[in-house]
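Hi everyone, thanks for coming.

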Amino acid sequence: MDETTLPLTELLATDLDDGFTELVRTQAGTVRAVLLRLSGSARDADDLGQETFLRAYSALRGYPPARRGQLQPRAWLLTIAANVWRNHVRTLSRRPGVADGIEVTTIEIPDGCPGPEQLALDGARRARLVAALSRLPDHHRLPVVLRHIGELSYQEVAGILDCPVGTVKAQVSRGLAALRAEPGLAADRRAYGTAEAKTAKTAKTAKTATATATAKTAHEPARTDRKEATG
C-alpha cells in the first residue's frame, strides 16, 4: 500500500489545491516512469504526464470530499495515465511519428536469473532492452509496466484493465517470457551469467588463498618457539 495514501487523501478531501500539490509531488515520478516505458519517448512521457494531471485535477474538482477521501491515489492516477496513453496510441495509428530514444534501467524479471536492470551495463544493452519492450504488444506491455514499473498489485492492474486477475497474471507472465526470449537479451543474460560465475570463482580462490596464508602465519610463531626451545 502507498504509505502516503491516508494523509494525502485526507488532504485532498479537506483542501483540494494543497492536496493536489502533494499528489503531484508524491506521484509524478511514478506516472512519468510508467508513461516513459509505455510510450518509448521522453518527450511524449512529459506531454502525457501533463495531460494526466490536468485530467486528474479536473476530475477531482467534480468529486465530493468524501469521494476524494476514498481514492487510492497511485492506482487512480495510473488508470488515467493508461487511458491517456491509449488515446495517444490511437492518434499515432492515424498519424505515425518518430519516437525518441530512452533508457530503461529497471524492469525486474522475477525468475531467479539476472534481471534487465543488472544487464543494462552499457548503452547497447539498454538499447536492446528498450527495443524489446517496445516490441511487446500493447496488451502485454501495459500490464507488465503497470505491475513492475508502477508497482501495482495484480488486483489494481485488473481494475485498471477491467479484466479478471487471472487474465492479468497471464498477460504479465507472457510479456516477461517474451522479453526473456528476445535473442539480444538472452545473449546478454548468458554473458552476464558467465561473467558472474568467473567473478565468483575468482573471489572464492582469493578467499581460499587468504585463509591459507592466515593459517600459515598463525603457525609460524609456534614453529619458531619450538626451534628456540630445542636449539
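Which residues of H9 are buried? Keep in mind that this is a predicted model. In H9, which covers residues 154-161, the buried ones are Val157, Ala158, Ile160 and Leu161. They span an arc of only 160° around the axis, so they sit on the same side of H9. In general, an α-helix has 3.6 residues a turn, so residues three or four places apart point the same way. If you look at the face turned away from that buried side, you'll find the exposed residues Gln155 and Gly159.

So what do the buried residues of H9 pack against? Their partners are helix H5 (73-94), H8 and H10.

Let's take H8 next, residues 138-148. Its axis and that of H9 come within 10 Å and cross at roughly 140°, which makes H8 oblique to H9. The crossing is right-handed. On the H8 side, Leu142, Pro143, Leu146 and Arg147 take part, and they meet Tyr154, Val157, Ile160 and Leu161 of H9. By class, that contact has 7 nonpolar, no polar and 1 charged residues.

Now over to H10, residues 165-181. Here the axes are 8 Å apart and the packing angle is about 100°, so H9 is roughly perpendicular to H10. From H9 we have Tyr154, Gln155, Val157, Ala158 and Leu161, meeting Val165, Val168, Lys169, Gln171 and Val172 of H10. This contact has 7 nonpolar, 2 polar and 1 charged residues.

One last stop: just after H9, Asp162 takes a positive phi of about 55°. Thanks, everyone!

Note on methods. Residues numbered from 1 in each chain as written. Predicted model: local features only at pLDDT ≥ 70, side-chain atom pairs only at ≥ 80, totals over all residues. Heavy atoms only, no water. Axes fitted to C-alpha atoms, helices over the stretch in contact; angles between N-to-C directions. Helix = DSSP H or I, 4+ residues; strand = E, 2+ residues; numbered from the N terminus. Parallel < 35°, antiparallel > 145°, perpendicular 65-115°, else oblique. Left-handed = near helix turned anticlockwise from the far one by under 90°. Contact = heavy atoms within 4.5 Å. Nonpolar A, V, L, I, M, F, W, Y, C, P; charged D, E, K, R; others polar. Buried < 20%, exposed > 50% of the residue type's maximum accessible area, 1.4 Å probe, protein only. Arc of directions from axis to C-beta.
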